[in-house]
Amino acid sequence: MRLTQLNHDYFSQVISLGNLVHGENYLDDEKLEKIYQMGLKNGLNSSFVAVDAKDRVVGLRLTFCPSQWEIDKWCTPSQWPVAVETMAYFKCIAIHPDAQGQGIGPKLLAASIDVLKQQGAKAGVAHLWCQSPGNGAVKYFSKSGGKLVKLHDDRWLENCINDGYVCPICGNECHCQAAEMVIEF
């Protein structure tokens with residue numbers, strides 16, 4: 001397994017893996033292109049993929065660099081430990097079910113953090129899916145140094161209504177909770 005910065009060659013595989021792990025219509029070409037652009041700064045890309053020996057994407061970490069993402073109503077910047085202009089955003093992580101438990105998630109996170117530091121970030125915020133199997137998302141982020149800022153109910157409901165997102169737990173009316181968490185680096 002090797003890590004590489006996200007590029008267009010992997011888009012179709014990233015979309016498939018993102019939708020497999022996070023639910024139908026989570027990613028498409030247009031959404032991924034926008035995400036990709038928000039991770040580019042200073043000639044560096046803060047989003048990464050993990051690929052196996054056959055060049056298949058088995059993991060992904062999509063990340064926005066500081067000052068290139070919109071702070072929305074799901075964010076609590078008044079409780080963040082760093083200035084808004086130095087805060088990155090960890091959009092999502094997905095590991096193929098066959099590749100889980102191999103330490104790929106922490107390696108992807110470390111690779112993103114290394115680039116984010118070079119892009120001027122001092123911390124990263126994420127909205128972790130509390131209903132992930134065994135609450136694995138929050139556990140993984142906490143183990144990596146993440147601190148809880150706030151819990152948000154119905155975080156992805158608007159995505160169901162407006163974008164056709166289908167939650168793997170709730171279907172087309174997601175009532176899952178998100179843990180807004182921050183990692184300083």
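Modeller: Happy to! In what follows, a helix is a DSSP run of H or I with at least four residues, a strand is a run of E with at least two, and both are numbered from the N terminus. Please keep in mind that this is a predicted model.

Colleague: How far apart are the end C-alpha atoms of α3?

Modeller: Let's work out what to expect. Helix α3 has 15 residues, and at 1.5 Å a residue it should span 21 Å. The model agrees with this, because the end C-alpha atoms of α3 are separated by 22 Å.

Colleague: Is Q79 buried, exposed or partly exposed?

Modeller: Q79 lies in the loop between β5 and β6. Its relative accessible area is 47%. Buried means under 20% and exposed means over 50%, so Q79 is partly exposed.

Colleague: Are α1 and α2 roughly parallel or roughly perpendicular?

Modeller: Helix α1 (residues 11-22) packs against helix α2 (residues 29-38) at about 105°, and their axes are 10 Å apart. Angles from 65 to 115 degrees count as roughly perpendicular. Therefore α1 and α2 are roughly perpendicular.

Colleague: Which residues of α2 make that contact?

Modeller: From α1 come F11, V14 and I15. By class, the contact has five nonpolar, no polar and two charged residues. On the α2 side, the residues are D29, L32, E33 and Y36.

Colleague: Which strands stand at the edges of the sheet?

Modeller: The open sheet has seven strands in the order β1-β4-β5-β6-β7-β9-β8, with mixed pairing. A strand at the edge has a single partner, so one of its sides is left without a neighbour in the sheet. The edge strands are β1 and β8.

Colleague: What angle does the direction of α4 make with that of β9?

Modeller: In this sheet, β5 and β6 run antiparallel and are joined by six bridges. Helix α4 (residues 136-143) packs on the sheet and touches β5, β6, β7 and β9. The direction of α4 makes an angle with that of β9 of about 15°.

Terms used
Residues numbered from 1 in each chain as written. Predicted model: local features only at pLDDT ≥ 70, side-chain atom pairs only at ≥ 80, totals over all residues. Heavy atoms only, no water. Expected span 1.5 Å × (residues − 1). Buried < 20%, exposed > 50% of the residue type's maximum accessible area, 1.4 Å probe, protein only. Axes fitted to C-alpha atoms, helices over the stretch in contact; angles between N-to-C directions. Parallel < 35°, antiparallel > 145°, perpendicular 65-115°, else oblique. Contact = heavy atoms within 4.5 Å. Nonpolar A, V, L, I, M, F, W, Y, C, P; charged D, E, K, R; others polar. Pairing = 2+ DSSP bridges.
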